[in-house]
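User: Please guide me through the strands of this structure, one question at a time.

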Amino acid sequence: MHEWKAVNVVRKGARSGRRPLPVVIAMVLLAHIAVAKEQPRPKITGVAFVRIGVTDMQKASAFYHGELRLPEVKCVGGSAKCFFLSPSQQVELVPMEAAPNGNRIERIGLYTTEAKALREYLLARAEKPGELVRDVPGQISFRIQDPEKHSIEFIQRTGGAVGSIPGGPPLSSKMIHVGFVVKDRAAMDHFYKDILGFRLYWQGGMKEGETSWVAMQVPDGTDWVEYMLNIPDNADKHTLGVMNHISLGVVSVKAAKEQLEKAGVVLGAEEQPKIGRDGKWQLNLYDPDSTRVELMEFTPVEKPCCSEFTGEHPKP
């Protein structure tokens, strides 16, 4: 008579001390995310470039090179034209089909000290950055869209600033901020302030108690992005051009005006120096597609309306 012994069949990995592979992968990913969340955010130091869409490259070039005196330099690939403010900042022009409305600020570049680490930092916070690219010598970058679909490119330089500015001095050698229309301030604050660490520099409006402009400084520098609030959905091309803008820092708006007029530029009624609500002298110019280029002095000359400055002012 044969004696039969009960045999317990143990599934591989069930009781052998090994975890099923999918569980192991999930645990590794969770551990990676936990470590990434604990890592400090790499520094974000300032504006690298702005890319602007134009309908007539020749006319736009005459404005940025001829009136603003920004030296033209060779772009890397594509049909863009590039104009340097300094070896570390530039304005890029790209062709854009004529349209009555829309944001002609196509992309903003911001400097970071560690592109790969910043990308991992964003991934750990459920953001969706693009892949790292190295298509420009001495540079690593990636792109991401903010909550309102503005295209932001973070750039790490792997070498020092190179190059020189040919010709005479430009009207400005420093871009201090970029502004764009914002509909949902809370969503934008979550991205720029809570995740990226931007901080409030100043906010105000045309009337007391009204907030129409919010300046958010990069966490590790003095440049800023500016929310332009309370803009109607049916705003025309000119209004959108005023709101979606760039700002170039100048030591003296009066001297900048004299330089423009000496070069034969005729300034219209909207292009006269004035003190803004933030207490800084400014002068507004417009490219052929109505995109505003604001010349702004680095420091205020009188007390600002609405709120005090809470950050360091930019320097030439």
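Analyst: Buried means under 20% relative accessible area, exposed over 50%, and partly exposed in between, with a 1.4 Å probe and protein chains only. Strands (E, at least two residues) and helices (H or I, at least four) are DSSP runs numbered from the N terminus. This is a predicted model, in which local features need pLDDT of at least 70, side-chain atom pairs count only at pLDDT 80 or more, and totals for chains, interfaces and linings use all residues. Residues are numbered from 1 along each chain as its sequence is written, and side-chain values use heavy atoms, with hydrogens and water left out.

User: Are the two faces of strand 15 buried or exposed?

Analyst: In a regular strand the side chains alternate between the two faces of the sheet. In strand 15, Arg292, Glu294 and Met296 lie on one side, and Val293, Leu295 and Glu297 on the other. Both faces are covered, and these residues are all buried.

User: Which residue of strand 15 is the bridge partner of asparagine 284?

Analyst: Two strands pair if DSSP finds at least two bridges between them. Strand 14 (residues 281–286) pairs with strand 15 in the antiparallel sense over five bridges. The partner of asparagine 284 is glutamate 294.

User: Which strands stand at the edges of the open sheet of seven strands?

Analyst: The order of this sheet is 2-3-4-1-5-7-6, with mixed pairing. Each edge strand has a single partner strand, so one side of each is left without a neighbour in the sheet. The edge strands are strand 2 (72–73) and strand 6 (139–145).
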